[in-house]
Amino acid sequence: MKYALVTGGSRGIGRAVCLRLAAMGYPVIVNYRSNSDAALETLSLIEQAGGKAELLPFDVADSEAVEKAIDGWMESHPDDYVAVLVNNAGIRRDNLMVFMQDDDWNSVLDTNLNSFFYITRRLLKGMMTKRWGRIINVASLSGLKGLAGQTNYSAAKAALIGATKALAQEVAPRKITVNAVAPGFIATDMTSELNEDELRKMIPAGRFGQPDEVAAAVAFLAQEDASYITGNVISINGGLYT
């Protein structure tokens, strides 16, 4: 059976993606690090809608934890594989670079970039063996435009976009697509402290986006209809460009 794994799937964009993929018929593996209440709520929402899901807690920034969790899942699902991987987990530690501490830099790159490497590398073998897969990375407007106060976050997301384009070329012969979505300002916990009234003046659409609007693009890229789309970045930003 083909499964979908969504990292950081307990809240915000991740939760919306989980719900969309479950509605498409995928059993969804909801990854989270520590917020079990939010993860259980996501699980409940999927099941209430008639979908199937299971929780898989691990820290995406910890390579050993990634290996242990995925190995354990594979042992309990010997006849299944993860066909759709959504690398969504991310954190922000905003500050001007002159004041940025080592941990602010390293933790953001570990969670937003290195996690892509740890998880995708581990799951690629199954996709290549089955000759079908969808890898969708959640990047950001920051990775395309660069935003002041987000040197660490912008660096991680820009690198994720580069990795997306490179990996897409490596695995295309095996019918695996690798794409990214680049959300702008989306109404989630991660943006809750931002001044929406001021920021939306910069956005041609005049508002923040909703998580489900990002999830819709992810769901499209996960479909068979998107089999000839790879190495691309879809901006979801209400017209806010560089």
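Predicted model: local features only at pLDDT ≥ 70, side-chain atom pairs only at ≥ 80, totals over all residues.

User: Okay, how much space lies in the largest pocket?

Analyst: The largest pocket holds about 990 Å³ of space, and its lining is made up of 43 residues.

User: Which residues lie nearest its centre?

Analyst: Nearest the centre of the largest pocket lie Asn 88, Ala 89, Gly 90, Ile 91 and Met 190.

User: And which helices and strands each supply at least two residues of that lining?

Analyst: At least two lining residues each come from helix 1 (12-23), strand 2 (28-32), helix 4, helix 5 (141-145) and helix 6 (151-171). Of these, helix 1 gives the largest share, which is 3 residues.

User: What's the lining like by class?

Analyst: The lining of the largest pocket has 18 nonpolar residues, 18 polar residues and 7 charged ones.

User: What lines the largest cavity?

Analyst: Its lining consists of Thr 7, Asn 87, Asn 88, Ala 89, Thr 111, Asn 112, Ser 115, Phe 116, Val 138, Lys 157 and Leu 160. Helix 4 and helix 6 each supply at least two residues of this lining, and the largest share, 4 residues, is from helix 4. By class, the lining of the largest cavity has 4 nonpolar, 6 polar and 1 charged.

User: And how do the lining residues of the second largest cavity divide by class?

Analyst: For the second largest cavity, the lining has 7 nonpolar residues, with no polar and no charged ones. The residues that line the second largest cavity are Leu 5, Ile 29, Leu 56, Ile 70, Trp 73, Val 82 and Leu 123.

User: Now the packing. At what angle do helix 3 and helix 4 pack?

Analyst: Helix 3 (residues 63-76) and helix 4 (residues 102-130) pack at an angle of about 30°, and their axes are 9 Å apart. Since angles under 35 degrees count as roughly parallel, helix 3 is therefore roughly parallel to helix 4. The crossing of helix 3 with helix 4 is right-handed.

User: Which residues make the contact?

Analyst: From helix 3 the contact involves Ser 63, Val 66, Glu 67, Ile 70, Asp 71 and Met 74, and from helix 4 it involves Tyr 118, Ile 119, Arg 121, Arg 122 and Leu 123. Sorted by class, this contact of helix 3 with helix 4 has 6 nonpolar, 1 polar and 4 charged residues. Ile 70 and Leu 123, which are part of this contact, also line the second largest cavity.

User: What about helix 1 and helix 2, how far apart are their axes?

Analyst: The axes of helix 1 and helix 2 (residues 36-48) are 10 Å apart, and the two helices pack at an angle of about 25°. Helix 1 and helix 2 are therefore roughly parallel to each other, and their crossing is right-handed.

User: Which residues meet there?

Analyst: Arg 15, Cys 18, Leu 19 and Ala 22 of helix 1 meet Ala 38, Glu 41, Thr 42, Leu 45 and Ile 46 of helix 2. The contact of helix 1 with helix 2 has, by class, 6 nonpolar, 1 polar and 2 charged residues.

Methods: Residues numbered from 1 in each chain as written. Heavy atoms only, no water. Axes fitted to C-alpha atoms, helices over the stretch in contact; angles between N-to-C directions. Parallel < 35°, antiparallel > 145°, perpendicular 65-115°, else oblique. Left-handed = near helix turned anticlockwise from the far one by under 90°. Contact = heavy atoms within 4.5 Å. Nonpolar A, V, L, I, M, F, W, Y, C, P; charged D, E, K, R; others polar. 1 Å grid on protein atoms, 1.4 Å probe; cavity = no way out; pocket = protein on both sides within 12 Å on 5 of 7 lines; lining within 4 Å. Points joined across faces, edges and corners; volume = space filled by probe spheres on them.
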